[in-house]
Amino acid sequence: MSSSSVRVKLLFFAKSRELAGKSNVEDFLVPQAEIRCSELLDLICAQFNLSIIRHNLILAHNEQYCDDLSETIRIHNGDELAVIPPISGG
């Protein structure tokens, strides 16, 4: 398992964008290339003031939803992560 850090583009949508105070981060540092989705989401929430909505967020990696937060994913430099809160409509 690789422990090398990687840099990715991080996107925020809806309420996560409002709480983070930005729509994206071009050069977000992920501490290791292989990381469990839940650890990655915890890291993002702690760094960008999203803890209040942590359990309502969806994480996507390169436009693919991370359905199982206990899953370990492999991240490469330049990948894209998106933080998406549930969207209500009516």
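In the predicted model, helix α2 is followed by Asn-49, whose phi is positive, near 60 degrees. Helices (H or I, at least four residues) and strands (E, at least two) are DSSP runs, numbered from the N terminus. Residues are numbered from 1 along each chain as its sequence is written. As this is a predicted model, local features need pLDDT of at least 70 and side-chain atom pairs count only at pLDDT 80 or more, while totals for chains, interfaces and linings use all residues; side-chain values use heavy atoms, with hydrogens and water left out.

Within α2, the buried residues (under 20% relative accessible area; exposed is over 50%, partly exposed in between; 1.4 Å probe, protein chains only) are Cys-37, Ser-38, Leu-40, Leu-41, Ile-44 and Cys-45. Seen down the helix axis, these residues fall within an arc of 160 degrees, so they line one face of α2; the arc is taken from the directions from the axis to the C-beta atoms. The face turned away from the buried side carries the exposed residues Ala-46 and Gln-47.

Arg-54 lies in the loop between α2 and β4 (58-61). Arg-54 is buried, with a relative accessible area of 12%. Leaving aside neighbours within four places in sequence, Arg-54 is in contact (heavy atoms within 4.5 Å) with Ser-38, Leu-41, Asp-42, Cys-45 and Leu-69. The side chains of Arg-54 and Asp-42 make a polar contact (2.6 Å), that is, a pair of N or O atoms within 3.5 Å, where within protein one must be able to donate a hydrogen and the other to accept it, and residues adjacent in sequence count only if both atoms are side-chain atoms.
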